[in-house]
Structures are given as C-alpha cells and as structure tokens.
Amino acid sequence: NPDVSKGKALADLAKWLGIPLENVMAIGDDLNDIDMVATAGLGVAMRSSPPDLLRNAQFVTGTVDEDGVATAVERFILNPGG
C-alpha cells in the first residue's frame, strides 16, 4: 500500500504516545528506513547503510558488528550531555 511507511507509523505512534517528533530517535540500515529516519527528530543510519539512507541521516553510527545501536543509544539517550 503506497500510504504505508515506517515514517508514517513512527509519526502516528509518537502522536499517540504524546511524544513530539523532535524527541524521537530512529535508527535504520536499509532503503525502507529512509522515511522513518527523515521523520524522526534524530535520524541515525548504520555505517553499512546504502548511500541514500546515509544522506538522510543526521548521525551515522557503527555497523551491527560494531554495536552501532548501542553506541547511538549511549550517546543520545543515556549520556546526551557528554
């Protein structure tokens, strides 16, 4: 369905939970994540992602083997000030 996307789902979920999108981080690693990464207040791409996703992300983290998701969570959620 052309009206379905991860970005729309993320926006709907954030609205339902009462969380402003600028307070949402989304992490993706493939082309179907572009809309979600672009919708989130902080869009993160895994280093191994396709170039189109990397261009849409505000931050690039490590690969799965480099614990990229954990790195992003530590940096932006657990230790945002430093």
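Mentor: A strand here is a DSSP run of type E with at least two residues, a helix is a run of H or I with at least four, and both are numbered from the N terminus. The model is predicted. On that basis Thr61 belongs to strand S3, residues 59–61. Thr61 is buried, because its relative accessible area is 2% and the cut-off for buried is under 20%. Beyond its neighbours within four places in sequence, Thr61 contacts Val44, Ala45, Met46 and Arg47, as well as Gly68, Thr71 and Ala72.

The part to look at closely is helix H1, which takes in residues 6–17. Its twelve residues span 16 Å from the first C-alpha to the last, close to the 16 Å expected at 1.5 Å a residue. Gly7, Leu10 and Ala14 are the buried residues of H1. They lie on the same side of H1, because the arc they cover around the axis is only 60°. An α-helix has 3.6 residues a turn, so residues three or four places apart point the same way. The buried residues of H1 pack against strand S1 (25–28) and helix H2 (34–39). On the other side of H1, Lys15 and Trp16 are exposed.

Trp16 also belongs to a nonpolar surface patch with Leu13, Leu17 and Ile19, and together these have about 460 Å² of accessible area. Just after H1, Gly18 has a positive phi of about 75°. Ile19 sits in the loop between H1 and S1, and is partly exposed, at a relative accessible area of 36%.

Definitions and conventions
Residues numbered from 1 in each chain as written. Predicted model: local features only at pLDDT ≥ 70, side-chain atom pairs only at ≥ 80, totals over all residues. Heavy atoms only, no water. Expected span 1.5 Å × (residues − 1). Buried < 20%, exposed > 50% of the residue type's maximum accessible area, 1.4 Å probe, protein only. Arc of directions from axis to C-beta. Contact = heavy atoms within 4.5 Å. Patch = residues over 30% accessible without salt bridge, like charges linked within 9 Å, V, L, I, M, F, W, Y side chains within 5 Å. Areas by Shrake-Rupley, 256 points an atom, 1.4 Å probe, with all protein chains shown as cover. Salt bridge = Lys/Arg side-chain N within 4 Å of Asp/Glu carboxyl O.
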